[in-house]
Amino acid sequence: MSTPGVVRSSPRHGGVVRAVSDLSARMRRITVHAPTMAGIEVRPAQDVEVFLHGEDGRRVKRRYTIRHARPDQAEIDLDVVLHGAGPGSAWGARARPGDDVQFQGPRRKLQLTSAPWHLLVGDESAIPAIACICEALPAGELALAVIEIGAAADEIAMPASAQVQWVPRGDVAPGSPDLLAQALATREFPGADGHGYLMGETRAMVVLRGVLETRGIAHDAIFVKGYWNVGRPDRIAGRSPSA
């Protein structure tokens, strides 16, 4: 039996941009109102697919984590990384109140498992999901976040419950596991009974799983999800899992 208010499939929605605000030098929040989202329960780190158009006019889809949902107002907030010239970045940069938005979802859900502490690791594409997970954890379960960003200007306000370590990339090309691996190698953990969440460039996150295992976190206690791949940079735009 289905639970009222919980979406089991991925319905289509037509909405409108209600507000746009800058969270950092390269991240913008787009608030979307869609009447068909009224009353829909959104789980932590669920995403939607937004229908956009490329430079050649063809329709493309980009996925974004739902950062906040207000079912009573039929609104969702999507945090978009402004990182280049692709369709996702162009939409994030140009979106204005009143613009029409077509999207599908919510999709997917992350099963949070109780643990004394949680380690959340990723690049800027994972910031919305990391923030959602931190907010969803029960009181008393510690949240540690290690997040790679382009520069200090890319830091944003995170949930007060999270202990965040920002790792500026500087001139290093995005997509390498090296900077996060170095940060994790020296990070103090409360013990070996934590859960790890790795979200970002696909191959980099696979490498980092090995790093966490060498630090004592069990293989089965590590969640890995690729959000984008080197060579397809537009897919870094604040999106959620697609693999």
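The following questions and answers concern a predicted model.

Visitor: How many of the residues count as buried?
Guide: Buried means under 20% relative accessible area, and 52% of the 243 residues count as such. The protein exposes about 10800 Å², with 51% of that supplied by carbon and sulfur atoms.

Visitor: Why are strands S3 and S4 called paired?
Guide: Pairing requires at least two bridges. Seven bridges join S3 (residues 47-53) to S4 (residues 59-70), so the two count as paired, and they run antiparallel. Glu49 has Arg63 in S4 as its bridge partner. Five residues lie between the strands of this hairpin, and Gly57 in the turn has a positive phi of about 90 degrees.

Visitor: How do you know that S4 pairs with S5?
Guide: Four bridges join S4 to S5 (residues 75-81), and the definition asks for at least two, so S4 and S5 pair. They run antiparallel. His68 has Asp77 in S5 as its bridge partner. Four residues separate the strands of this hairpin, where Ala74 takes a positive phi near 55 degrees.

Visitor: Where do the positive and negative charges lie on average?
Guide: The mean positions of the 28 positive and 27 negative charges are 7 Å apart.

Definitions and conventions: Residues are numbered from 1 along each chain as its sequence is written. This is a predicted model: local features need pLDDT of at least 70, side-chain atom pairs count only at pLDDT 80 or more; totals for chains, interfaces and linings use all residues. Side-chain values use heavy atoms; hydrogens and water are left out. Buried means under 20% relative accessible area, exposed over 50%, partly exposed in between (1.4 Å probe, protein chains only). Accessible areas come from the Shrake-Rupley method with a 1.4 Å probe; for residues, only the protein chains shown count as cover. Lys and Arg count as positive and Asp and Glu as negative; His and the chain ends are not counted. The place of a charge is taken as NZ of Lys, CZ of Arg, CG of Asp or CD of Glu.
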